[in-house]
Amino acid sequence: TSNSIMLHFLHLELETAVLLAKQKGYKLVNAPFGLLHNRPVEKLNLIKELAKIKLDLIGSCFTKSIEVVGIYSVFEDFYNYFQYIFRSRLTKLVVSYFRIIGLLEIINIDVESYREQFSIEQITTFIADILPIVHKDELYISFNKILSDCK
């Protein structure tokens, strides 16, 4: 399905790293690094930003789950951890979203365009869009694809 294809492409970088690590005997580690973003100021497009956040959320949960349970783990162990970390991160995202709505209500500057974009309907749509992508069947296809490529 298109969701499993999206998940597969989302994790090609992870798959490549795992393959190289296996072939060369490297150990994969999680290492944050800073980036300098020098971009012109743009008007906020919340729909576009939420689409990027959706991919980042799924990708980070997938990667963290593989890191914790191992690439050669049983799918159920992967899935259970994925659900745990996904729900935790999604909850934090939704709470932050509502914090933004609250802050927009109390500041006294002209931010009407932000108030219009940050709506309950917007976050409800985001959640409705992301849940089918992280359905167990979709994750199973992506997990097995990466596992088979690593053998």
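Aromatic pairs are my opening topic, and the count in this predicted model comes to 11. The rule is that rings of Phe, Tyr and Trp (its six-membered ring) pair if their centres lie within 6.5 Å; planes under 30 degrees apart count as stacked, over 60 as edge-to-face and the rest as tilted. One of these pairs is formed by Phe82 and Phe86, whose ring centres are 5.8 Å apart and whose planes meet at 10°, so the pair is stacked. Phe82 and Phe86 are 4 residues apart in helix 4, which separates them by about one helical turn. Helices here are DSSP runs (H or I, at least four residues; strands are E, at least two), numbered from the N terminus.

The cut-offs are under 20% relative accessible area for buried, over 50% for exposed, and partly exposed in between, with a 1.4 Å probe and protein chains only. Ring pairs also join Phe82 and Phe86 into a cluster with Phe62, Phe75, Phe78, Tyr79, Tyr140 and Phe143.

A word on conventions. Because the model is predicted, local features need pLDDT of at least 70 and side-chain atom pairs count only at pLDDT 80 or more, whereas totals for chains, interfaces and linings use all residues. Residues are numbered from 1 along each chain as its sequence is written, and side-chain values use heavy atoms, with hydrogens and water left out.

I turn now to the salt bridges. How many does a search of the whole structure find? The search finds 3, a salt bridge being a side-chain nitrogen of Lys or Arg within 4 Å of a carboxyl oxygen of Asp or Glu.

In helix 3 (residues 46-69), Glu49 and Lys52 are 3 residues apart, about one helical turn. Their closest N and O atoms are 3.2 Å apart. Glu49 is partly exposed at 29% relative accessibility, and Lys52 is partly exposed at 39%.

Helix 3 also holds Lys64 and Glu67, again 3 residues apart, about one turn of the helix. Their side chains meet in a salt bridge at 3.5 Å, N to O. Lys64 is partly exposed at 23%, as is Glu67 at 43%.

The remaining salt bridge is that of Lys136 with Glu76, with the closest N and O atoms 2.9 Å apart. This pair links distant parts of the chain, 60 residues apart: Lys136 lies in helix 7 (residues 136-150) and Glu76 in helix 4 (residues 75-106). Lys136 has a relative accessible area of 30% and is partly exposed; Glu76, at 37%, is also partly exposed.
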